[in-house]
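Please look over the sequence and the model below before reading the points.

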Amino acid sequence: IRDQDFQGIKEFIMPFANSKDQIKQQKFKQWCNKIASSLSTTVSEINRDLERAISEEMCHSITNQVKVLEHAKKELSSRLVKLPGGLNIGKEVQSAKTKIREILEALIEAFNVHYRNMNFEGMGISHHSVILLSSQMEVHLTPLNKRTVKDLREKFDQAVISVSGFIHRFVQSAFQEDGRLLQIFPSLKRASESVNPELPKLSNTYETSQKELTEKINEAFNVCNDIASQKKLLLPTQ
């Protein structure tokens, strides 16, 4: 019980539960109370971890603790599923899985808001959290959750690829003000300067986009200079 290793425990304690001996009955109740106390602590730790920022350590901690609850539920008999203090192992396992899915859905919604606003810094952070959580907690996700994560991956890749298209249209429009581009570059710059380790891809995108924009602007001005030079040659000399 102390080590939360419940392998074969029901075979050990159930004879005490079925015994008419009061001492054995008392011993059975004591063990049930200890099991309930141990698992209640695990439930509290899961709930506390679910309030933390997404990280590998946080995901591993929750995964291991949910496994403890699932193992306990499997090993304890139906008579012990609902333990003293109102602890229901099955309900606690389901509650933890539901909270994991809710956190994932909230992260995906945050990503979609950043995506609509072309906020690459926000997209990058949300994308990293979603991928980390979904990969570590995949066993607890629904098929719909998994499809939504796949869609998010595709959206993120499309957003990164789209930057080059915005640059091209900006230059082709003779440098007409583009609200999207004015959003994109400051956002990419913030991402490139961020201390978050999950944003190196966006840092590279910012560098390549700067280079592409500079090259296209230079090309456009060179064309303008060539046209101006040709016009000068065509002017009549006095």
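The numbered points below take up the fold, the cysteines and the salt bridges.

1. This is a predicted model, in which local features need pLDDT of at least 70 and side-chain atom pairs count only at pLDDT 80 or more, while totals for chains, interfaces and linings use all residues. Residues are numbered from 1 along each chain as its sequence is written, and side-chain values use heavy atoms, with hydrogens and water left out.

2. The chain has 8 helices and 2 strands, taken as DSSP runs (helices H or I, at least four residues; strands E, at least two) and numbered from the N terminus. Their order from the N terminus is α-α-α-β-β-α-α-α-α-α.

3. Of the 238 residues in the chain, 39% are buried, where buried means under 20% relative accessible area, exposed over 50% and partly exposed in between, with a 1.4 Å probe and protein chains only.

4. The whole structure holds 0 disulfides, a disulfide being a pair of cysteine sulfur atoms within 2.5 Å. Cys 32 is buried at 5% relative accessibility, and Cys 59 is buried at 0%.

5. A search of the whole structure gives 4 salt bridges, each a side-chain nitrogen of Lys or Arg within 4 Å of a carboxyl oxygen of Asp or Glu. In one of them, Lys 97 pairs with Glu 70, with the closest N and O atoms 3.0 Å apart. This pair links distant parts of the chain, since Lys 97 lies in helix H4 (residues 89-116) and Glu 70 in helix H3 (residues 56-75), 27 residues apart. Lys 97 is buried at 17%, whereas Glu 70 is partly exposed at 30%.
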